[in-house]
Amino acid sequence: MRQTPVYVTPEMHAVQQAATEAVLAHPDRPASYHIVTYGCQMNAHDSEKLAGMLARMGMTEAGDRRDADLVLFNTCCVRDNAERRALGNVTWLKELKKDKPNLIIGVCGCMVQQPEMAERILKQYRFIDLAFGTHNLHQLPSLLLELLEKKQRIVSVIDQENLIAEGLPLKRLCSHHAYITIMYGCDNFCSYCIVPYVRGRERSRRMDDILREAEGLLNGGVKEIMLLGQNVNSYGNGTDESFPELLRRLDVMGVPRIRFMTSHPKDLSDDLIDVMANSKHICNHLHLPVQSGSNEILRLMNRRYTREDYLRKVEKLRNAVPGIGLSTDLIVSFPGETEAQFEETCSLVREVGYDSAFTFIYSPRIGTKAAAMEGRIPEEESSRRIGQLIAEVEASTANAHRQMLGRTEQVLVEGLSKRDPGMVSGKGTRNITVTFKGTEADIGTIVPVHITSAAVNTLRGERTER
């Protein structure tokens, strides 16, 4: 059942503004903060909001967590490894707190939103001072004020998953690239995925709010906007607004570069492909997670498309947008996956020819349907499979890079090269990193670069006039 969004009211915002001012004036207010972010781009964007709220409360960012008065871990729980890493790093701060007894340690985000995680934090991690979930991120000022006034631990996880908080302050990570979340939650309930349980059901922001935010970014000099959602293709479902129409409006607005993720293959429409084909500003790259090349595994995953469906859409994309780069997500060792089914995934990588892929060993998540499935794959076999799949992806990437030789890419320079003095690097429209000679003055500009050589992870080139 689709969620009807409930917007945080002006009165609710006034409560948080009053709390912000009270924290700002509090004698025990932390002077500095450090945020550690795990997970996806949506988590990174949430961290920008957290940083914006903390800055309004008078705190400055510390470059190192050891120098901060407040350390906040914005967590991910999509895979067990991310959860263990987060808790391991939080535990590391327990020793630091012995030397800095006033240090405030906070944990927020998807991990905290899981059922029973709040109770676990209260019992097992007594040195954690503050914990809150994904649905009440906007309440950080009032939660921090309560912590300072009561001098006791605050754990707050709310179940109202359909809230949308517009107008939160932001401390952007980058001046030339920006994220815009266009929708929250997911209705797909893939059998392996915890996201619908911690991010809630789908709800879309109003298009006018998104366009207003984009216009402000454009006026502020942003060159590239990344639209975010668990499934951007279903933006606006149940309303008279749609994702293709949003892209048309942004394209006309003149945003220099538009990217988006993530796209569910079942919702990749002909209308969206047409928009991509005729747009002036949408980058020629699409992240299209397939997860498996086996129809039986896709059925067990509840992906609601077949290998053949996926390949037909890839063919449509490539016919409509020549030279488009594709990336994907792949899972090996899903419960019951046979060797033949795993080989189908490897053959799909060869057939599609991806620019890149995120590869994962299946990670059971409590509360998901797949967690109760039989047929777990032994660790040794899973390690062999992921190694073989990575080799397949690397070969595909190398081939994609070779195809770029001799072409000219429009590169948005992100920074100085960490390995090569006198070089800068950035992403071309196909989302492949390109390195070439440049200076700090090039950062944030779009430079035409003629591709001259290809390495494992990057392309190299020379700037050109066209």
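Is the crossing of α13 and α14 right-handed or left-handed? In this predicted model, the crossing of these two helices is right-handed.

**Helix pair α13 and α14**
- Helix α13 spans residues 339-352, and helix α14 spans residues 379-403.
- The two helices pack at an angle of about 15°, and their axes lie 9 Å apart.
- Angles under 35 degrees count as roughly parallel, so α13 and α14 are roughly parallel to each other.
- On the α13 side, the contact is made by E339, F342, E343, T345, C346, V349 and R350.
- On the α14 side, E381, R384, R385, Q388, L389, E392, V393 and S396 make the contact.
- By class, the residues of this contact comprise 7 charged, 5 nonpolar and 3 polar.

**R201**
- R201 sits in the loop between α7 (195-199) and β11 (203-204).
- Its relative accessible area is 19%. Buried means under 20%, so R201 is buried.
- The side chain of R201 makes a polar contact of 2.8 Å with the side chain of D187.

**A18**
- A18 belongs to helix α1, which covers residues 10-25.
- A18 has 43% relative accessibility.
- A18 and S142 are 124 residues apart along the chain, and their C-alpha atoms are separated by 8.4 Å.

How values were computed
Residues numbered from 1 in each chain as written. Predicted model: local features only at pLDDT ≥ 70, side-chain atom pairs only at ≥ 80, totals over all residues. Heavy atoms only, no water. Helix = DSSP H or I, 4+ residues; strand = E, 2+ residues; numbered from the N terminus. Buried < 20%, exposed > 50% of the residue type's maximum accessible area, 1.4 Å probe, protein only. Polar contact = N/O pair within 3.5 Å; in protein donor to acceptor, adjacent residues only side chain to side chain. Axes fitted to C-alpha atoms, helices over the stretch in contact; angles between N-to-C directions. Parallel < 35°, antiparallel > 145°, perpendicular 65-115°, else oblique. Left-handed = near helix turned anticlockwise from the far one by under 90°. Contact = heavy atoms within 4.5 Å. Nonpolar A, V, L, I, M, F, W, Y, C, P; charged D, E, K, R; others polar.
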